[in-house]
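Please look through the sequence and the model shown here before reading on. The text after it is meant for someone who has not seen this structure before.

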Amino acid sequence: MKTSPYFEFQSKVRIFAGSNSLEKIGEDMELRGVSRPMILSSRTVARSGLLGFIEKGYRPGMETGVTDTDIPADSDLETVRRLAALYTEKGCDCLIAVGGGSVIDTAKGVNIAVSLGCRGYDITPYAGAGMVKEKLKPLTVVPTTSGSGSEATIVAVIADTAQSKKLLFTSPYLLPDTAVLDPRVTLSLPPLLTAQTGMDALTHACEAFFCLARNPVSDAFALEAIRTIVRYLPTAVAEPSDEEARLQMAIASNLAGTAFSNSMVGMVHTLGHTVGAIAHVPHGACMAVLLPYAMEYNARKAGERIGALLTVLENEKAFLSTPKEKRPQAAANAVRRLNEKLKTLTQGAHAVCFKEYRNKNGEMPVTRDLLPRIANEAVNDGSIFYNPEELSRSDALRVLEAAYEGVSLN
Amino acid sequence: MNIRPFYSGSKIISGRGALDTLSFELTGVNARKPLLIAAENERAAEKAVIRALKATVTVIGGICRCRNGEENPAKTIVRTFDSLGCDSLLAIGNADLINAVKTARAELSFGRPPAETDFTRPLAPRRAVAFVTVAVLTPEPGALPDELILDSGARIPSPAFYPDAVFIDPRVTGKSAAVSRRGETAAAALFSAVFALSDAQSHPAARACALAALQQISEAAGTRSLPEQTRLIADARFLSKTALTGSRFVPEIAAAPFLDGGKNPAETLKMLFECAFPALSFAKDDLIHSLMNLVPDESAIDGDEQTLRREFEAAVLRLTERLLPESGNKKPTRSGLSEAAEAVRRSALNKEQKDGCLRMLQNLMEAAE
């Protein structure tokens, strides 16, 4: 497997990983010369008492400026404005986000508003690629799920509810300064959510490895992530209180996030984004179902790469004993077996195909008649640009139909 | 269950055409009038960089050329920077030059020489001075990306020393003054990566950088195009050093410059690798991944952990023979080890580092007997 003749890579986030990492935030703030953070989080996290561990690590003279836990599931401009005003009013000098993608994206938005002196805290002039061109206030991120990798990305998505659209902000300056991976934060994550977010991380790593913008450094990050996920995800699902498994999953998710933010993703995300938008299926659930199909679909163009994943999805023995031409299929099957194991561990709640997926109300949101619409809209998703194989509408429909029924493409 | 923090402060832009994005990246770090600092013996590389900057109509604030062995080059850099009203530093040169530019940057940023600055305390820079490097081949050990070596020899680690971006372009690396020493550079990177991998407690991201370095070296050994080969070696050199930043203190790396007077760093590292290998521990997965990069025959990964270790050691030594065909089988002598131990005691390493190096040298002495 030859190296790409040109690549870019960056991973400028300082990472603290370990069982008492929350207490390290004070030390990191001291080094950055800040002392009065605004903490953004969710009510659930605040109720769990985890924020107390952060304050326990404060150095003399440090105190929380304000804590806000009233953040909607999709971060929006109005929330960013409200929080930016609060940040200024309370005299804060840095931000700590403890939560999932929405909390982290909201913190990134607030950081733009307070650092760049936006009039009326309106950050819309900075929407788009590369519009934020200056260093922002120190931002520390504590991800509470092990999947999105948003603590390692240069992106923030913030909804403009008045215009009914989502604004995308991308800039290297949106990378958090510090990511804190503490297993205590994910201990209360339910098994199904652990399985889904873990499969999201696995998809980031696999697509980073076999899609077109890969590079030797992102490859190594991706392989390390896959190896760790395969080893620890079933344990984290089966034994949610296992701190070692939780920590390893947080690290793996971070590695996968770093890998894909440098080498992009492909058709699993292309199709998954649209299934999520149309049928309201959680992102991780879509990733889990679609990943093996994307591996089969891309085998013609990226067979060697997908086949090489067998060493980490299974082991070197499986890799060696499988003929080269059969390795891509064997790798896809290994992902299917992992999905089946997660299904068993969640008493059938983790879906391995779309017709099995049920939402909280017990409804089946992905129906067969939705598939043509999903296929039509999916091919316009930007992530397809980096997929090894081209994807037409009819191809997308074929993949979706197979993923709906749970039958292999081959 | 605590893993060392990991931080890689530099963006890497590597490959043919990397220099074409130099202007874009400089703008991204607010570098509008860079001072170009080049080693006197890197004129060819300097020309390639100036050509790339001119092609994109980028203003060059000035050029400061440093001779090898020049007394206090950092002072000259600071003076030139201020007199020309520059706002950023763009460095092309070997490990010594990069260290001088780091020193100058620290002085410009914090208003006092780094020897008088406490980098373990919070530091608000007086002014932000962007720092970008264009890599050439540097076989010398030099500092890690997050380190500065003071005149006393003391090494200070701080995220403040990372360059904002590192450009690795075959049009420059292929013209490096040290191009004839590319084998040594590659071997030094190889052993740095191997030692970084042997640390079970290092952050997985650091081990990932080490594995990526091994892949680049292996590919470089089989690459015929000289510019591309040098590019891959420079990639590996930077990645292996980045891997060491997230690793434990490696006595073999720290002690190497004290053995043989630091004249043949790659050969010394090879000798230390051979002596230390039985005591080094590696994760089985890392051995497999390394062997998949180092050995074309898939069956190399077929075996128990002991077999994998043997295969790995043999693969590293085979690769070293290709990189350093003249290296031979040097063994440490008792007198050489004693001199090295004395040099370590006199050095500016801190107590813990000295103890680590001395323990390692003592083990070698016992093995030599």
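The model is a predicted one. Strands of a sheet pair through backbone hydrogen bonds, and the pairing can be parallel or antiparallel. For β5(A) and β8 of chain A, which spans residues 165-170, the sense is parallel, and the pairing runs over 2 bridges. Within this stretch, A129(A) stands opposite T170(A) in β8(A).

The next topic is the place where two chains meet. Here 44 residues of chain A are in contact with 54 residues of chain B. The size of an interface is often given as the accessible area lost when the parts come together. Between chain A and chain B the buried area is about 4000 Å², and carbon and sulfur atoms give 54% of it.

Which kinds of contact cross this interface? There are 10 residue pairs in polar contact between chain A and chain B, with both residues at pLDDT 80 or more. On the chain A side, β1 (6-18), α1 (25-32), α7 (216-238), α8 (243-263) and α13 (316-321) each supply at least two of the residues that touch chain B. The largest share, 13 residues, comes from β1(A). Sorted by class, this side of chain A has 21 nonpolar, 9 polar and 14 charged residues.

Side chains of opposite charge can pair when their charged atoms come close. Across the interface of chain A and chain B there are 8 salt bridges. In one of them, R227(A) pairs with D285(B), with 3.8 Å between the closest N and O atoms. Over all chains, the count of salt bridges comes to 47. Another salt bridge is formed by E8(A) and K11(B), whose closest N and O atoms are 3.4 Å apart. E8(A) lies in strand β1 of chain A and K11(B) in strand β1 (residues 2-15) of chain B, so this pair joins two chains.

Key: Residues are numbered from 1 along each chain as its sequence is written. Chains are lettered from A and ligands numbered from 1 in the order in which they are written. This is a predicted model: local features need pLDDT of at least 70, side-chain atom pairs count only at pLDDT 80 or more; totals for chains, interfaces and linings use all residues. Side-chain values use heavy atoms; hydrogens and water are left out. Two strands pair if DSSP finds at least two bridges between them. Helices (H or I, at least four residues) and strands (E, at least two) are DSSP runs, numbered from the N terminus. Contact means heavy atoms within 4.5 Å. Buried area is the accessible area (1.4 Å probe) that two parts lose on being put together, summed over both. A salt bridge is a side-chain nitrogen of Lys or Arg within 4 Å of a carboxyl oxygen of Asp or Glu. A polar contact is a pair of N or O atoms within 3.5 Å; within protein, one must be able to donate a hydrogen and the other to accept it, and residues adjacent in sequence count only if both atoms are side-chain atoms. Ala, Val, Leu, Ile, Met, Phe, Trp, Tyr, Cys and Pro count as nonpolar, Asp, Glu, Lys and Arg as charged, and the others, Gly among them, as polar.
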